[in-house]
Amino acid sequence: MNHVLCGLAANPALPSELVDRLIAVADADIAADLADRADLSHAQVVALAARVEETAVRLAYDGRLTAADVDPVAQPHAALALLGERAGKPEWARLFAADPVVERREKLATCADLPPDVVETLAADSDVRVGAELALWTTPEMAARLAGHPHAEVRSAVAANEATPPAVLAALITGEGLPPAQWCLVCDREETPFVHDPLCPRIDCDLRSGASCDGSHQSTVHEMQQMALRNPATPTEAVVGFVDHPSMLLRWALAARRDLPMEVCGRLAVDPRPGVRADLAENPAIDDALIRALATDPGHDVQRRLAHNPHVPLDVLTHLAGATKIGSTLLPRIAVASPAEVKELAESPNPAVRMLLAERRDLPAEIRDALAADPDAKVVKSIAPHPGLSEAQLRAMVDRHGVRVVAKVAANPDASSALLEDLARHEPPVPKALREVARHRNTTAPSLLACLADKRARLIAAGHPALPPPAIVELLDDDDSRVVEAAAANPSLPRDVMSVLVP
């Protein structure tokens, strides 16, 4: 990879004539960066697509290539991308439906609005991968037909398709009303009964770990049940029977559904597997009584996930803040707290609760200012990036709490250039703060030059347009290729240097 040319390809200040020169020599890496440019002319887009087909696919998905620009024989992947975006030609679909390369027929099967004759051809394809791909994306009518497909892999894909009619999903998950499947990927290849060794030594084997078949295609049926349980279109009455299923994976999938009766939720709340209970804890469908019961559950991740439930009462959330490590994140319940609740949270004697509130970025000025003066460093760290804080308040935070808050103060969008310069020179140095200074919109050349001393901050500073041009040019020879690429992409790189660098 030529990191200088990749950086230049992404440089928004690269003149159009140098873009032309880069297109003429582009490899896949350079072409990928060129494809990100918003200033490419249509002629440049077509030239770039002709140069590297992987990039043509991306340009097709972005709507920058039309059917008139693409030859389906020379650029099959780009043509399939246009078909996927409903921008290809119907005759292309018929061409690819008969393509000997199965991966192209698979890709075609993901496309919507295909001609009916093409859909029929794909549904009857001799390779099960094509039928499974079609089943995953097709219309309700075709999904209903494919639910009776003789291959269990196709049925599993039907179970994952949210367009599949609910009655069909119910039949798939219970097995009632459908003829038994005749094959699966295991019995296609192995004499049954067979259980695939998870540590299979065969380098040409692509069976899934643990795949098994004793004639009932049990591992594929299990996967189909998982797909149907995760599918919101599957009727509630068809899934509730899995609450006591011996498979933890099926109970786990059930716990995330939002249409469960409370009786079922209550049984899942005492599931022996903490992963099942944790998924249930975050489920907005559970009621207040279950929330309060799960709040005392010591199982791994249960309480933390419960804190992310949008319906958790504030008194429960206050308990969770002291009982589990939630981290610096804006919880859904905090985000929708009313003005009265915000005031209550701000006055909580528990600093962990005040810290959670401080993650909001729309607090009233008086509450924001009170949290900015909080005696607890955790609270101040959370509030420090809040917009609207004055320079005096930000400096006071650093004076009171030192290195514990410097990085968060540097992340404040209103931090002044003078403050950023002081933070960049802070003793002892704070590496995270240097990275925040390096990416800040108000940072200046002196601050950026100070950031170059830190390896990770240097990578960010190399792309900042306020970095002096001589420093940018020097970074083109840096030992870190990522820094080289960032410097080459810096819009403040002198144009005469760009011209020398492009072949």
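Me: In which helix is the place of Ala-49?
Reply: This is a predicted model, in which local features need pLDDT of at least 70 and side-chain atom pairs count only at pLDDT 80 or more, while totals for chains, interfaces and linings use all residues. Residues are numbered from 1 along each chain as its sequence is written, and side-chain values use heavy atoms, with hydrogens and water left out. Helices are DSSP runs of H or I with at least four residues, numbered from the N terminus, and the run covering residues 42–51, where Ala-49 has its place, is helix H4.

Me: Is Ala-49 buried or exposed?
Reply: Buried means under 20% relative accessible area, exposed over 50%, and partly exposed in between, with a 1.4 Å probe and protein chains only. Because its relative accessibility is 3%, Ala-49 counts as buried.

Me: With which side chain does the side chain of Asp-279 make a polar contact?
Reply: Asp-279 lies in helix H19, residues 274–281, and is buried at 17% relative accessible area. A polar contact is a pair of N or O atoms within 3.5 Å; within protein, one must be able to donate a hydrogen and the other to accept it, and residues adjacent in sequence count only if both atoms are side-chain atoms. At 2.6 Å, the partner of the Asp-279 side chain is the side chain of Arg-305.

Me: How many disulfides does the count come to?
Reply: A disulfide is a pair of cysteine sulfur atoms within 2.5 Å. The sulfur of Cys-205 is too far for a bond, because the closest cysteine sulfur, in Cys-200, is 4.0 Å away. By this rule, the number of disulfides is zero.

Notes:
Helices (H or I, at least four residues) and strands (E, at least two) are DSSP runs, numbered from the N terminus.
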